[in-house]
Structure formats: C-alpha cells, structure tokens
Amino acid sequence: MKRICVYCGSNAGGREEYLAAAVKLGEALAAQNLELIYGGASVGLMGAIADTVLEHGGRVIGIIPHHLKNEVAHHHLSELHVVDNMHQRKKMMLDLADGMIAMPGGFGTLEEIFEAVTWGQLRLHVKPCGLLNICGYYDSLIAFLKHAVAEKFIRAEHLALLPVSQDPLALLQSFRDFKPPATGKWFSNAGMDL
Ligand code: AMP
C-alpha cells in the first residue's frame, strides 16, 4: 500500500473534532510513508489534511478540475493535476490510490465514497474503502445501510466493502488486512441468492 485517497469536506464542519481528525489522519499517512491522493483544494478538511501531510514531510497529490482551480486549488502540493471534469478527477483519484477513506463531508464526499464502493462491489477494482466515523457522524448512514441489507438491496457480506472506524490507525490496518468479498452482487427477484 503506497497511496491513500481521502474524500472529505470542502468545509471544516461544525466541530473541532473533525479538523483534529484530519490532522490525525494526515500525521498517520506521513508516518506510514503513505502518499495522500485528494481533490486538490486548500479549503475545509481537505486543506487541513493536505497541510498536515506536507508539514510532516509526506507527499500529497491533488487532482482538481479546471472549473475549481482558480477558486480553491492548493498551490503548494507535491503534485497538482488539473483535469477537464469531475468524472476524470474521480477516475484518476481512484486509479492512483491503493485504498479510499471518507472522512466527514457533504454530498461530494458521499458521492465519491459510494462510487468507489459501487465499483468495488462490481469488481472494477479490488481496493479497500472505509469510513472514518468521527463523533458518530456516519452513524445514521450506517443504520441506513443495515436497513438496505435487511431489505435485500445490499448483501450482508458487502457491508465488509465499507469498514467503519473512528480511529485512522485502525482503518489503515483494516486496509492492510482487506480481502474482497467473494459473493456476487445480485439476488434473484425473490430475494434469494443467484
Ligand atoms: P463536500 O463533501 O460536498 O464538501 O465535497 C468534498 C469532496 O468533493 C472532496 O473529496 C472533493 O474531491 C470534492 N469537492 C467538492 N467540492 C470541492 C471543492 N470546492 N474543491 C475541491 N474539491 C471539491
């Protein structure tokens, strides 16, 4: 494992614990010699984690679309790639990374991590994804995913595609131990296994 992609809020959120967690994850990445791949912005939790990795001597690769570059790009990264659109950005982030973590964030963060998990479920990649659940931010989302399992839209085994932890070190360790689930995605129409 060489590079970890972090999806997180372009805002800092309403609790200081979110920023503290971005710092803690950034320190862990630098200490473990893991490069940070992220959306290339200087704002919110995104800027905080990038600054922390750089301050601790780590490498940060940002990938930002043209239309956001002038507004929010971080100008002191190890590498900044400017791409044509959001689709190219997400593909490049995922291609470069060996694992993807979502910290607290909004629509952008949710969209990114769910795309990564969806592609993993379809075996378009076999890279681990995880939720860094700071202050229970993702508790109600996790409860909803269990509801989707109970309603047979998600296989129980596939919840393992998205391990959850409040501790960055534990999440990184779970990535090192990750084995992709062997079960296919689909149920039959009656909710039985195919
Ligand atoms: P959000 O969670 O809605 O704040 O969106 C943050 C996530 O979406 C990040 O992981 C970025 O990759 C992407 N993103 C959304 N807005 C921006 C922005 N203004 N600058 C850079 N990336 C953004």
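**Reading the model**

Guide: What covers the buried residues of helix 6 (139-150) includes helix 5 (107-121), strand 6 (129-132) and strand 7. Please bear in mind that this is a predicted model.

Visitor: Which residues of helix 6 are buried?

Guide: Ile 142, Leu 145, Ala 148 and Val 149 are buried in helix 6.

Visitor: Why do the buried residues of helix 6 line one face?

Guide: The general idea is that an α-helix has 3.6 residues a turn, so residues three or four places apart point the same way. In the present case, the buried residues of helix 6 fall within an arc of 110° when viewed down its axis, and therefore they line one face. The face turned away from that buried side carries Ser 140 and Ala 150, which are exposed.

Visitor: How does the span of helix 6 agree with its number of residues?

Guide: Its twelve residues, at 1.5 Å a residue, should span 16 Å, and the C-alpha atoms at its ends are 17 Å apart, which agrees. Just after helix 6, Lys 152 takes a positive phi of about 60°.

Visitor: What is the order of the strands in the sheet?

Guide: The sheet is open and has seven strands in the order 4-3-2-1-5-6-7, with parallel pairing. Strand 4 (79-83) and strand 7 (164-165) are the edge strands, each pairing on one side only.

Visitor: Which strands does helix 2 touch?

Guide: Helix 2 (residues 44-55) packs on the sheet and touches strand 1 (3-7), strand 2 and strand 3; its direction makes about 160° with that of strand 2. Helix 4 (residues 86-96) lies across strand 1, strand 2, strand 3, strand 4 and strand 5 (99-102), and runs at about 160° to strand 3.

Visitor: How many disulfides are there?

Guide: A disulfide requires a pair of cysteine sulfur atoms within 2.5 Å, and by this rule the count is zero. The closest cysteine sulfur to that of Cys 5 belongs to Cys 8, at 9.2 Å, which is too far for a bond. For Cys 129, the nearest cysteine sulfur is that of Cys 5, 9.3 Å away.

Visitor: Is Cys 5 buried or exposed?

Guide: Cys 5 is buried, with a relative accessible area of 0%. Cys 129 also counts as buried, at 2% relative accessibility. Glu 16, in helix 1 (residues 16-31), counts as exposed at 69% relative accessibility.

Terms used. Residues are numbered from 1 along each chain as its sequence is written. This is a predicted model: local features need pLDDT of at least 70, side-chain atom pairs count only at pLDDT 80 or more; totals for chains, interfaces and linings use all residues. Side-chain values use heavy atoms; hydrogens and water are left out. Helices (H or I, at least four residues) and strands (E, at least two) are DSSP runs, numbered from the N terminus. Buried means under 20% relative accessible area, exposed over 50%, partly exposed in between (1.4 Å probe, protein chains only). Two strands pair if DSSP finds at least two bridges between them. Contact means heavy atoms within 4.5 Å. Axes are lines fitted to C-alpha atoms, for helices over the stretch in contact, and angles run from 0 to 180 degrees between N-to-C directions. The expected span of a helix is 1.5 Å times one less than its number of residues. The arc is that of the directions from the helix axis to the C-beta atoms.
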